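Student: Please pick one part of this structure and go through it closely. Then relate it to other parts where that can be done.

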Amino acid sequence: MTSLEIRDLTVQLGSREVLKNLDLYISSGLFAAILGPSGCGKTTLLRSIAGLITPKGGAIRFGKQLVSISSLVLPPHKRNVGYVPQEGGLFPHLSVEENVSFALGRRVSRKEKQEIVEQLLDLVGMPNYQKKLPQELSGGQQTRIALARALAMKPAMILLDEPFAALDQTLRAEISQEVVALLKSSKTTSIMVTHDREDALVSADIIALMRDGQVVQSGSPSEVYLRPISAAAAESTGDILTLPARRIGRNKYLSPLNSPVEQIGKQVGFESGQILVRPEEIVLMDEPDENLVSAKICKINYYGHDALVELDFTGLSQTIRARVTDTKGLVVGSRVFVSHKGPFRWMPEKATGE
Amino acid sequence: MLAFLAASLPLFYLLRRALDAQISEIALILFRGKTLEILATTLGLTAAVTACASLIGVALAWMLFNIDFPFKSGLQALVILPVAIPSYVFAYSWILLIPGFKGFWAALFVLVLATTPYVTLTTLAALRRSDWSTYEVSQTLGLNGWQIFARVTWPQIKNSVAAGSLLSSLYVLSDFGAIALLGVDTLTRAIENIYRGSFDRSSASILALILVAISALLIRLEERSRQKLNIVKSSARIITKGVTTGKLRIKLIALLAINTYLALGLVIPISQLLSIFFANSTSINYSLLSKASLSTLLAACLGALIALALALPVGVLSAQGSKLGKVSDKAILIVHALPGIVMGLALVSFGSSIGWLYQSLLLLSFAYALLFMAKAVGSVRSSVARVPENLIEISATLGQKKSATFRRVVIPLATPGLLSGTLLVLLAAMKELPATLMLKPIGFETLATQMWSYTSIFRFNEAAPYALLLVLVAAIPTFLINRPDKGDGLGGDRI
C-alpha cells in the first residue's frame, strides 16, 4: 500500500514520443482508472510504472521511494508491483497453484505456500482450482488467477491492463465488480487501464483522463464527469455537446438553449466561447412557453431504457441531441420547447481544444 | 563465447595445417586437373541432389498436408524415417540388391532418398504453421489448386523449403560413407584418400578449406533468398486444419507417389537388411554387437549433452538478437557443414597437441558436439524465441531476477524444443562414421565403425546386424521428434 507520484514523465518508443511530460498523483489505497482511447499511451504508462520500460525523463515515486528518475530505473523485480496484463498472462507450464505461488520465495515453506494459495483462491472466488492448468480456465478465470498471483507477493501496488476487455458483456459487469470490490477491500493501491468509460466510472475512486500521452484531468468520477476542463476531457467520459455561446455577465450566458440563434449572433462586446452540455441535461416540453426557445424534432433514436432526440434549431448548422427517458408525445417533425437544467460549463474561445 | 571458440577451433586448425604448405604447392593442388574434376563432380552432385530432394520433399509434404489419407499421421511419420538411415547403410543395402551399383547416378539416387526428409520435415512444419484461413479465403476468391499453391502457399513456406534444401545440400557436401562405397570422387573422398594415402595433412586441409568455402557460400545463398516473412495472423485464433482434398483420383496418385518413396527409401533397404540378417543370424557375434551398441550410445549421449551445453548460450543470444550470438550461430552452421573426416582431421591435430585428449572418448564426443551443434542451436533458438515476451515481463514484476526468470519460465517453456534439439544431435552422432574412424580410442568400436570395417573388406553378411541396429536405434528419436499428434506442446500461440 503506497501512493504513486509521477512527475514530468516522458517516454519515447522508437521515434515516437508516447508519453509527454505526464504528471499523475494517486494517493495510497485508492482504486484508480486511467481512461483514454487506444493509442493514447495508457499501457505504456502502466509498463513504465511496472519498470518494464525505461523512460527518457521524469520521475516516478512509490510513496517516498524514488523508483525512476530520468533514465535511471529500479528494475521491475525490485519494485514489488503486481502486474496483471491483458488476458492474464498465466504461465502455461504451471498449474494454478504454481502460478499463484510463483512469487513466493524459497524461504516460504511448502505448507505455508499451500495455505496462502488456498486463501487467495478463496478470495478470488475460485477455491479448489489448485491443480488446474491455465488452458482449462475461461478468460475471466484466468484474469482472476492472474490477480491472485499478483496479490500473493503482497504488492505495494497492483496494475491492471484492460483486465475485463476479453470478457463478454454479461460476464464483464459481474467479474469487474467482484474484482474491484476485492481490491478495494484489500486496500491495495490499484491502477486499472481501460478504454471503457463505464468500467472506469463505475469502479474507480479516481479517474485520470489520458489523451496523446498526457493526463488531461484527474479526479473523482463525478468530478471528471460533471466538471470537465475541456471538450476533449468531457468526451472521454460521455456524450457531450459543444454549443457556441457568449458570456454576458457573471454566470450569465447566451446559447441556442436559452436564446434564439440569430440573437446570439447580434450580441457584440461580450466574451465569446462555447458551453459544454450533456444530452441528459436538456429538457424537452411540448407546452408552449414564451421564455423558452423552440426546436424541431428531426430524428428519434430509441434505445429502450432511454432515447436520443435530435433537434434542429433554426439558424444552427448542427443538430443537438437530447437524452430523454420517455418518448411519449414526441413526434418527428413537431416542435418542442427546450430548456437546460445542468450547470453551464463555459469554455472561453482561447481555451477550446487542448 | 566458449561456444564460439569451440566452433572456431576446427577452422583454426585447418588453416594452420593448410598454411604449412608452400604457396606454390597450394597452387599446384588447386589447379591440378584432378582437383577441378573432383570439384565439378562435387558441385554437380550437390546441385542435382538438392534439386531433386527439394522437388520431391515439397511434393510429399504438400500431399501429406492437403490430402486426406487413412493413417495420415502414420504416413507423415514414416516419410521422415529415412533420415534415420545413414547414407552408407542406404548405399550398402542397394549394393546388396544390385551388384555393380556404383557411380554418380547411384550416388544421386541414394542421396536423394536420404536427404528428401529434410525438405519434407521443414516444409510440413511450415505448412502446419501457416494460416488456414488464407486458403479458404483464396478459394472463395476463385483460385484453383495450383494458383493457391503458387500465390498463397508458396510465399508462406518458401523460407522453410530453402532451409530444408540447405540442409540437404550440406549433407551431400559432407557425405563420405555412401560416396566412398559407391566410388564417386568428391572432395570428401579425395581428402580421405590424401590423408590415408600419404598422411599429407596440408593438402587435405586445403581441400577441406575449399569444402568449407563452398558450404559458407551455400549458407550465404540461403540467407540471401530468405525474405523477411511476417505471417500476419489475420485471426486471433489461427486455424491450422481445414478442408482437405478428397478426390479419389488425386488421392490414388498421391498415395502411389508416397508409397513409391517409402518403398525405395525404407521398405526395400530394410527388407534387404533383414533378409541378409536372417540368412546369417546364426553366425552373429552378439557380445561384439552389444558392446558396439553401448559404445555408440555412450559417445553419442555425451556428445549430445556437450552440444546442448554449448548450444544453449548461443541459441539464447541469437534468439535475443545479440550480435555475438548471430556470429557464433553462423560459425556453428559452417562447422556443421564440415565433413566428418575434416572434423576428424582438425581435432586430431588439436588432440595431439594436448596429449591426454588424443584418442579419448571425450574428444570423440566433443567432435560429435561440434559437428551437430547446429541442430541443437536451431531448436534452442526457435523454442526460446517462442517464449512469449509478456511472460518474461510478468515474472520480473513478480520479483524474479533475470536468472530466475530464465530458469523458471524460459527453460521450462523451451524444454520440448531443447529436448528435440538434443535428440537430433544424438541421432546424428550415432550414425556418424568418418570422424569416428579417426578419433575413436583404440579398441573402441561404434556400430558405424564396426559395420564399416566389415563392408570395407566385403564381409557384407556380417555387417547386416550392425546396419539394422543403426537404423532401429536411430529411428527412435526420429519418431519422438516427429510425433504428429503432439504439435509443439506449447500453448504459445494462445498468447
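**Strand S9 of chain A**

Tutor: A:Thr189, A:Ile191 and A:Val193 point one way from S9(A), while A:Ser190, A:Met192 and A:Thr194 point the other way, and all are buried (20 or more other C-beta atoms, placed from the backbone, within 10 Å of the residue's own; 12 or fewer is exposed, in between partly exposed). The model is predicted, so local features need pLDDT of at least 70 and side-chain atom pairs pLDDT 80 or more, while totals for chains, interfaces and linings use all residues. Residues are numbered from 1 along each chain as its sequence is written, and chains are lettered from A and ligands numbered from 1 in the order written.

The strand spans residues 189–194 of chain A, and 6 of its 6 residues are buried. Strands are DSSP runs of E, at least two residues, and helices runs of H or I, at least four, numbered from the N terminus. In a regular strand the side chains alternate between the two faces of the sheet.

S9(A) pairs (at least two DSSP bridges) with strand S3 of chain A, residues 31–35, in the parallel sense over 5 bridges. There, A:Ala32 stands opposite A:Ile191. Strand S8 of chain A, residues 157–161, also runs parallel to S9(A), joined by 5 bridges; A:Asp161 has A:Val193 as its bridge partner.

For contrast, chain A has an open sheet of 4 strands in the order S13-S12-S14-S20, with antiparallel pairing. S13 (252–254) and S20 (345–348) of chain A stand at its edges with a single partner strand each, so one side of each has no neighbour in the sheet. From one strand to the next the twist averages 45°, with axes fitted to C-alpha atoms and angles from 0 to 180 degrees between N-to-C directions. Within chain A, 7 bridges join S12 (241–249) to S14 (271–277), and A:Arg247 is the bridge partner of A:Glu271.

Leaving aside neighbours within four places in sequence, B:Val110 is in contact (C-beta atoms, placed from the backbone, within 7 Å) with residues including B:Phe90, B:Trp94 and B:Leu182.

Between the chains, 15 residues of chain B are in contact with 18 of chain A. Helix H17 of chain B gives the largest share of the chain B side, 6 residues.

Definitions and conventions. Contact = placed C-beta atoms within 7 Å.
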